[in-house]
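I opened a new page to keep track of what I look up in this structure. My plan is to go from the whole chain down to single residues.

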Amino acid sequence: MRLRKVRDAGERLAQHPDVMISDPETHRGRWRDLFAQDAPIQLEIGIGKGRFLFETAKRHPEINFVGIEKYDSVIVRALEKLLSEPLSNVRLVHMDAEDLPNVFAFGEIDLLYLNFSDPWPKTHHAKRRLTSPLFLTRYEAVLRPHAGILYKTDDFAFFAYTMRTLVDAGCTFDRISLDLHAERHEDNVETEFESRFVGRGQPIYHIAFHF
Ligand SMILES: C[S@@+](CC[C@H](N)C(=O)[O-])C[C@H]1O[C@@H](n2cnc3c(N)ncnc32)[C@H](O)[C@@H]1O
């Protein structure tokens, strides 16, 4: 994602502690208390400007959603959108996915979304890929046993890397698609990046799996 620096992003995020959770570690094991309804929590990593998260939350008011994003200049855009169209079942966190096990307890997350994560094509950056073995252990540490992970990418090399990593980790595959949009996908919610790639006629690779 091209990053246009927002100078006062930090201050803007701090102004809305009800939806932008500034002290996420203190809620470890008690995330359900942050929502009006006691319901399962689904997590999206790398929400960008939040289009997928907000549309999914609108379609599923019976579920609670947490969206995390590493860059303040990006998540501030998502926050602005959320403030203009509030959703009581959404909370946002400005954090790196590296810290997930410090923020959520084991079993606290019921479903995880990885949408168009950065592919980090250089081998010496492989550890940064959000489907690297180390990141998988972080997800396993916060997910309910057998909870699903839904992954989408436009990048074939990243898709192939992810498949290999999941096989090596002994994951179970629930669905694999080499062209999501050519198949049945009426329940698919498009992300910002996805719309861009689909517009160019590129196939979308999709994997649904669990540990
Ligand atoms: C390529 S963009 C995709 C955005 C959005 N998911 C979409 O599909 O339109 C990837 C996003 O993930 C975020 N990101 C990358 N690594 C992350 C990490 N370790 N923790 C949290 N967010 C991360 C980036 O800042 C960026 O906003």
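The entries below record what I looked up, in order.

**Ground rules.** I am working with a predicted model, in which local features need pLDDT of at least 70 and side-chain atom pairs count only at pLDDT 80 or more, while totals for chains, interfaces and linings use all residues. I number residues from 1 along each chain as its sequence is written, and side-chain values use heavy atoms, with hydrogens and water left out.

**Whole chain.** I looked up the elements and found 7 helices and 7 strands, where a helix is a DSSP run of H or I with at least four residues, a strand is a run of E with at least two, and both are numbered from the N terminus. From the N terminus on, the order is α-β-α-β-α-β-α-β-α-β-α-β-α-β.

I then traced an open sheet of 7 strands in the order 3-2-1-4-5-7-6, with mixed pairing; two strands pair if DSSP finds at least two bridges between them. Strand 3 (90-94) and strand 6 (172-177) are the edge strands, each pairing on one side only. Further in, I noted that strand 1 (residues 41-45) runs parallel to strand 4 (residues 109-115), with 4 bridges between them, and that Ile45 stands opposite Leu114 in strand 4.

**The core.** Which residues have the most contacts inside the largest nonpolar core? A nonpolar core is a set of buried Ala, Val, Leu, Ile, Met, Phe, Trp, Tyr and Cys residues joined through side-chain atoms within 4.5 Å, and buried means under 20% relative accessible area, exposed over 50%, partly exposed in between (1.4 Å probe, protein chains only). The largest one has 35 residues, and those with the most contacts inside it include Leu43, Ile45 and Tyr139. Helix 6 gives the largest share of this core, 5 residues. Ile45 touches, among others, Ile68, Leu100 and Tyr139, contact meaning heavy atoms within 4.5 Å.

Notes:
Lists of a residue's contacts leave out its neighbours within four places in sequence.
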